[in-house]
Amino acid sequence: MVGSTLALRSKMASPSTVQLASLSRRSLSTRSPIQAVRSAQYLRPSGLSQQTIPRTARRAYSDAAPSPAPSPKPRKRFRLLRWTWRLTLLAGVGLVGQLAYSIYDQRHPTEQFVPDPNKKTLVILGTGWGSVSLLKKLDTANYNVIVISPRNYFLFTPLLPSCTTGQVEHRSIMEPIRSILRHKKAHVKFYEADATKVDYEKRVVYISDDSEIKGEISHTEVPFDMLVMGVGAENATFGIKGVKEHSCFLKEVGDAQKIRKRIMDCVETAMFKDQTDEEVKRLLHMVVVGGGPTGVEFAGELQDFFEEDLKKWIPDIQKNFHVTLVEALPNVLPMFSKQLIDYTESTFKEEAITIRTKTMVKNVTDKYIEAEITKPDGSKEIERIPYGLLVWATGNAIRPIVRDLMSQLPAQKNSRRGLAVNEYLVVNGTENVWAVGDCAITNYAPTAQVASQEGAFLARLFNTMAKTDAVEKELGRLSRAQAEAKDEEERNKIFDEIRENQRQLRRTKQIGPFQYSHQGSLAYIGKERAVADISWLSGNIASGGTMTYLFWRSAYLSMCFSTRNRVLVALDWVKAKLFGRDVSRE
Ligand code: FAD
Ligand code: NAD
């Protein structure tokens with residue numbers, strides 16, 4: 001508006017006025033408004049006083065000075081930019097504030113109190129997805145809670161394959177259980193020990209300290225009123241000879257560290273002086289058995305490591321380094337949709353990872369595996385596949401402590417894969433033992449997603465049960481008081497209280513059975529690509545590629561246990577991008 005007014009008025013003015021106006025505009029474009037006003041005064045035609053300048057020109061001159069924007073469009077744009085900048089700044093300040101608060105909160109736990117010793121003893125076995133999710137939401141003031149696990153930390157397993165190559169450091173995905181427990185309202189006891197046996201009849205758990213340093217007592221028993229089995233599962237080997245002795249698993253932090261060392265050991269040994277060609281080929285052959293998500297993610301990470309770092313620093317391995325994924329079924333990732341399976345297989349082809357489907361490993365030695373291959377015509381053949389590194393990722397098996405408990409319960413007679421539970425996760429055949437996660441058999445796959453939802457459900461259930469107990473105790477007291485009431489008025493008053501408590505009891509008892517809500521499946525497949533089967537409304541969205549990889553990263557970052565984990569993982573990713581992964585052996 002201001003600009004167009006100026007132009008219109010200039011047209012109406014005399015030539016000298018036009019010149020003046022244009023001069024003043026020109027001076028405005030390069031100087032500050034104050035300088036421009038000053039210079040415009042100097043430029044007035046000599047002999048003309050303020051009064052002798054035509055009125056229109058004076059107006060043009062005075063209008064022009066404080067309004068530098070020539071047209072309305074840029075102004076709008078600048079306003080938009082200004083607001084965008086302000087909002088970004090505000091969001092940034094908010095984010096930093098939130099980060100600072102959560103770090104402060106993490107570092108400064110509040111005072112805890114010890115729960116009433118007369119309350120029930122709740123023993124929780126394990127510090128994995130199921131148990132920790134239960135602990136997170138449990139009101140620990142309601143019970144005497146004791147946690148027993150050989151691992152004094154929670155492990156964020158979805159990023160474990162990234163630890164095998166140093167893309168993420170293992171400590172970045174570990175959260176100390178001590179810090180988790182110290183943030184609870186009421187004190188929780190923790191014993192770093194293996195639970196070796198549950199005696200259901202005696203209501204006792206036997207524990208053993210298997211760490212390197214032992215005190216005078218390293219075996220003892222812990223009585224319980226309520227018990228939660230959250231011990232997960234161990235690696236399935238199907239009794240195949242040589243698997244335990246010669247292969248690496250991928251379940252715990254120690255496994256990832258062992259694999260990381262072995263990769264470099266194979267590479268450096270292959271580079272040893274005068275090594276034969278055949279031996280170099282064997283040492284640089286990385287074989288992964290099991291085409292489930294663990295095997296696929298590891299194979300992808302390993303190939304990335306080779307492409308982005310190893311071959312740069314050790315070019316001599318380029319010709320022979322090779323990753324092979326061996327799977328007994330006709331395809332990998334059976335839990336994903338057909339199009340994502342095809343996408344994964346074609347991406348692996350691009351990455352030069354060999355997939356050997358319909359190949360079942362039957363025997364493992366220190367230098368080769370023996371696998372039964374089903375040919376297209378249905379005939380079978382045994383093939384020897386030499387390897388330098390062998391990673392075994394063929395799923396889950398029952399832990400001995402779970403098997404032992406099952407053997408004590410006739411109701412578990414027909415259960416083959418773990419503890420059969422009812423819809424409230426109560427172990428069949430018991431009334432005070434619950435099971436969560438990989439050790440429990442439900443209709444769902446053994447995933448972190450299921451385990452954490454089960455843990456959260458149990459926390460709700462236990463919190464409700466504690467409330468119910470309190471209300472029931474109160475009801476008992478009220479009915480005794482009613483019987484002893486002196487007059488009708490007092491009796492009626494107590495009766496009202498009883499009715500209110502009964503209403504409350506009905507409300508708290510309304511907790512429904514466990515229902516799993518599937519959010520989708522995600523897996524990294526290498527080359528900065530991921531696949532995702534995401535539940536959306538009542539359907540499913542299948543996607544794969546680089547955008548899915550960015551989604552995978554942001555989803556896992558947001559799912560990390562703590563702010564500390566999130567910051568460390570993000571820094572690890574930046575570090576690996578800037579400097580590459582570390583190829584030192586330790
Ligand atoms: P776990 O998390 O295994 O925890 C078991 C706990 O019990 C541990 O603390 C252990 O130390 C303890 N314990 C063991 N024995 C005893 C004993 N005798 N006494 C006391 N304590 C004991 N799932 C997903 O949904 N998404 C993923 O992306 C994903 N990625 C994965 C990647 C890898 C490499 C692996 C191995 C698994 C992945 N999973 C994923 C599966 C997921 O990790 C498991 O389903 C989940 O950990 C099961 O939780 P849990 O609590 O039952 O057992
Ligand atoms: P899995 O059970 O999903 O897959 C194991 C694979 O090994 C199977 O496909 C099986 O056919 C194959 N196999 C078994 N014996 C074999 C043999 N002798 N020779 C060749 N192949 C053989 O196991 P996993 O990948 O370790 O996963 C375990 C659980 O953890 C699953 O429930 C999985 O969904 C979950 N998980 C999920 C993710 C994710 O969501 N990104 C990642 C890892 C694990």
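Helices (H or I, at least four residues) and strands (E, at least two) are taken here as DSSP runs, numbered from the N terminus. Some notes on the two ligand sites and the sheet follow.

1. Ground rules. This is a predicted model, in which local features need pLDDT of at least 70 and side-chain atom pairs count only at pLDDT 80 or more, while totals for chains, interfaces and linings use all residues. Residues are numbered from 1 along each chain as its sequence is written, chains are lettered from A and ligands numbered from 1 in the order in which they are written, and side-chain values use heavy atoms, with hydrogens and water left out.

2. Ligand 2 first. Two elements, α12 (293-313) and β14 (359-364), each give at least two residues to its shell. There are 23 residues around ligand 2 (a heavy atom within 4 Å), and Thr294, Glu327, Val361, Pro446 and Leu522 come nearest. By class the shell has 13 nonpolar, eight polar and two charged residues; Ala, Val, Leu, Ile, Met, Phe, Trp, Tyr, Cys and Pro count as nonpolar, Asp, Glu, Lys and Arg as charged, and the others, Gly among them, as polar.

3. Its polar contacts (pairs of N or O atoms within 3.5 Å). Oxygen atoms of ligand 2 lie 2.6 Å from a polar side-chain atom of Glu327, 3.0 Å from a polar backbone atom of Thr294 and 3.4 Å from a backbone N or O atom of Gly395. The protein covers 79% of the 840 Å² of accessible area that ligand 2 has on its own (Shrake-Rupley, 1.4 Å probe).

4. Now ligand 1. It has 29 residues around it, with Thr127, Gly130, Thr157, Asp438 and Tyr556 the closest. Alone, ligand 1 exposes 980 Å², of which the protein buries 90%.

5. The sheet. Five strands make an open, parallel sheet in the order β5-β2-β1-β9-β20, where strands pair if DSSP finds at least two bridges between them. The edge strands are β5 (189-192) and β20 (433-435).

6. Where the two meet. Elements giving two or more residues to the shell of ligand 1 include β2 and α6, though α15 has the largest share, three residues.

Key:
A polar contact is a pair of N or O atoms within 3.5 Å; within protein, one must be able to donate a hydrogen and the other to accept it, and residues adjacent in sequence count only if both atoms are side-chain atoms.
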